[in-house]
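Open the model in your viewer and keep the selection tool at hand. The tour moves from one selection to the next.

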Amino acid sequence: MSLRVLVGVKRVVDYAVKVRVRPDHKWVVTDGVKHSMNPFDEIAVEEAVRLKEKKIVSEIVAVSCGPPQSQETLRTALAMGADKAIHVEVPAKDAELLSPIHVAGIIAKIAKDEKIDLVILGKQAIDDDSNQTGQMVAGLLNWPQATFASEIVQADGGLKVTREIDGGLEVIQVKLPAVITTDLRLNQPRYATLPNIMKAKKKPIDKKSPADLGVDTKPRLEVVSVDEPPVRQAGAKVANVEELVQKLKEAGRI
Amino acid sequence: MQSVACRGLIRRFLPQKEPVSSWTTSTARLFLAGARTASTAAQPSKQVDVEEKTDVIFTNQHFEIRNLARKLIDSEINPHVDKWEAEGQFPGHAVFKKFGEAGLLGLNRDEAYGGMGLDFSYNIAFAEELGYIDAGGVVSAFGVQTDMATPAFAKYGSHELKKQYLEPAIRGEMVACVGVSEVEAGSDVANTKTHAVRKGGDFIINGHKMWITNGAQADWICLVCNTEADKPKHLSKSHILVPMKSPGVTVAKKISKMGNRSSDTAQIFFEDVKVPQTNLIGEAGMGFIYQMEQFQEERLWCAASALIGMDRIIKSTAEYCAERKAFGSAVLNNQIIYFTLAELQTEVEALRALTYRAVANYTQGDDVTLLASMCKLKAGRLARIVADKCLQFWGGMGYSEEVLISRYFRDTRCLSIAGGTDEIMLHIIAKYMGISPEKAKKK
Ligand SMILES: Cc1cc2nc3c(=O)[nH]c(=O)nc-3n(C[C@H](O)[C@H](O)[C@H](O)COP(=O)(O)OP(=O)(O)OC[C@H]3O[C@@H](n4cnc5c(N)ncnc54)[C@H](O)[C@@H]3O)c2cc1C
């Protein structure tokens, strides 16, 4: 096989950052906050690179939709082993309002233009947790989808994908072209090594706008409010088991 | 699917050690492995956003490298340091291999030997980031590998010798150590007695070295050794590369130390050790001079590697004192405490500025022996003051093994001793100022 793969990489607030709600309650504070590649997308890139190492994949195209800084994320993908990158630039202000249907439209269009055989996306981004883009891409392209993948192997001219489902695993066979979304246990992404980071600076990043691709990114959703979860109430100390049992009874827990 | 739908946000909003669902815990474990370890004292402060960041000597690319180093520190080192401290040794080969593969062990080394071909300021960027390691012992092991055992070798060693020993050290496949100090002579480097005589095409080496960092696991030692018996002692020494597996090399003991416990510090004996004369680094008789030259990088490295440790200790002390209540108020609210912490942080920034200046001058080709000695002196002294003053503010907790500050207190004490003592730094500084009986030789 010699597949052309598209991987989606989103720039998100780093997982280790403790996010704060923005004063206008429309989103979280992103200024001056460390960003990095969405962890599920890192897994997608890693999987594509591994498939390339196994000679199942011939070329990896990384795509990111977002503000100018998304290029950093693309550089990371290139340093991890992607061959080329496409940045669909959306100004920071608009990027906030970009929703899965827009991104799916963009990815579907690029998949066609680039003659892609396999799209690998993270199952969700850790900032908005939509978990929709992969499914929508499959819908728009009318391709088979294998979501929440924890293993991908080549089989019978297509791919055999193990999916993580509630309480177990499901194994499905998909024909190509197809869309796969990654789950946490698919692989352990590698670090981009320094020599590869340097080399990545020389790899091409193609810049496009949603309009170039004929995708309308007018917001279809309105964020009404973003709030912190309720603060956990302080616990209380009990002197002995009897008191504990009594308190639990009072609270109606036993 | 409700709990699944917003887990990313849930995870972020949660106080650190609060499991919500098994999913979140397992994700947290996988994702946060290392980034959030059990370290009770100094929490890693936030990583810089490489997209914009620069700082005097550091470009965006320096910060990119620092972030890469940080990822490896958080995943490959910090989760294990408690174990290594208890065992009295960290696995040098396994750890260096990971950093070597990432390209971090030869930042300023020639690409012909697997280096990155960058300048020394990149080594300093890496050194500074190493301050995020939760144990000083591991930090010092890196320093020996990248900036203490190798500078003279990289500069003066022959191509063949570098292919054989420098390249694997840069790849992280060989662990290096540097042998200067002896039982009878530490500060007084010129008085070291280990010697080599020429026989056929070989050197026959006899003597011993003391306090050798990485000594118990090293593959080779850059040995300072007398080869020119007829010359005065400053001109009698050479650097010789000695494979540690050579017959006659005995690692006598791993020294038990008050701090830097995860670093193996060894006493090593050399008894009729035979190495080819081609293992000579540079010119015979130049060993003392090479060593003094190499000390510049070593000392700048020492200062840089100490900065973030101090930042972290000050920060974690402030955090602890903000939570700790006494007499009805947070102890941080006592002016003596917040003033002290403010002053310490000011001093750290002053040291950082001095270090960056010395590095800037060095990378443009100046001899910075004076500034590097000042950096080393100030780093050693300041780290001791920071450790001592901060530990005090932790009260009894600071004296326990539960928190990082006690380890920090033990580890940093070494900084005023190893790599040249405070007193020796003062000697050099006074000499350069022209105020000591022995005047600096005009360059
Ligand atoms: C953890 C650790 C790791 C080390 N790693 C290495 C290593 O990898 N390789 C290596 O070669 N060495 C290493 N050393 C050795 C270190 O460099 C020496 O310990 C140091 O240079 C001091 O030498 P010394 O211990 O012999 O002290 P001494 O020279 O005996 O000094 C004793 C005291 O006298 C003072 N003193 C000496 N001369 C003067 C003077 N002229 N004026 C005023 N005061 C003076 C010193 O400052 C010190 O306070 C290490 C040491 C330690 C503790």
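This is a predicted model: local features need pLDDT of at least 70, side-chain atom pairs count only at pLDDT 80 or more; totals for chains, interfaces and linings use all residues.

Select B:Ser181 together with the ligand. An N or O atom in the side chain of B:Ser181 is 2.8 Å from a nitrogen atom of the ligand.

Then pick B:Glu423. Here too, an N or O atom of the side chain is 2.7 Å from a ligand oxygen atom.

Now show the ligand surface. How much of the ligand does the protein bury? Taken alone, the ligand exposes 960 Å², and the protein buries 65% of that.

Colour chain B by secondary structure.

Display the whole shell. It has 17 residues, and those that come nearest are B:Ser187, B:Trp211, B:Thr213, B:Thr421 and B:Glu423. By type, the shell residues divide into 8 nonpolar, 8 polar and 1 charged.

Switch to domain colouring. Which domains of chain B each supply at least three residues to the shell? They are domain 2 (177–287) and domain 3 (288–438).

Select residues 177–273 of chain B. In an unreviewed entry, UniProt places the feature "domain: Acyl-CoA oxidase/dehydrogenase middle" there. This stretch is 0% helix and 51% strand. Its end C-alpha atoms are 17 Å apart.

Move on to residues 285–432 of chain B. UniProt, again in an unreviewed entry, gives this range the feature "domain: Acyl-CoA dehydrogenase/oxidase C-terminal". The chain here is 75% helix and 3% strand, with its end C-alpha atoms 24 Å apart.

Turn to chain A and select residues 25–217. The UniProt annotation for this range, from an unreviewed entry, is "domain: Electron transfer flavoprotein alpha/beta-subunit N-terminal". The range is 31% helix and 31% strand.

Finish with the salt bridges. How many are there over all chains? A search of the whole structure finds 46. Zoom in on one of them, between A:Arg185 and A:Glu164, where the closest N and O atoms are 3.1 Å apart. A:Arg185 lies in the loop between strand E10 (178–182) and helix H6 (194–200) of chain A, and A:Glu164 lies in strand E8 (residues 158–165) of chain A, so the pair ties together parts that are 21 residues apart in sequence.

Conventions. Residues are numbered from 1 along each chain as its sequence is written. Chains are lettered from A and ligands numbered from 1 in the order in which they are written. Side-chain values use heavy atoms; hydrogens and water are left out. A residue is near a molecule or strand if one of its heavy atoms lies within 4 Å of it. A polar contact is a pair of N or O atoms within 3.5 Å; within protein, one must be able to donate a hydrogen and the other to accept it, and residues adjacent in sequence count only if both atoms are side-chain atoms. Accessible areas come from the Shrake-Rupley method with a 1.4 Å probe; for residues, only the protein chains shown count as cover. Ala, Val, Leu, Ile, Met, Phe, Trp, Tyr, Cys and Pro count as nonpolar, Asp, Glu, Lys and Arg as charged, and the others, Gly among them, as polar. Domain bounds come from an automatic or database domain assignment. UniProt positions are given in the numbering used here, feature names are shortened, and annotations may be inferred rather than shown by experiment. Helices (H or I, at least four residues) and strands (E, at least two) are DSSP runs, numbered from the N terminus. A salt bridge is a side-chain nitrogen of Lys or Arg within 4 Å of a carboxyl oxygen of Asp or Glu.
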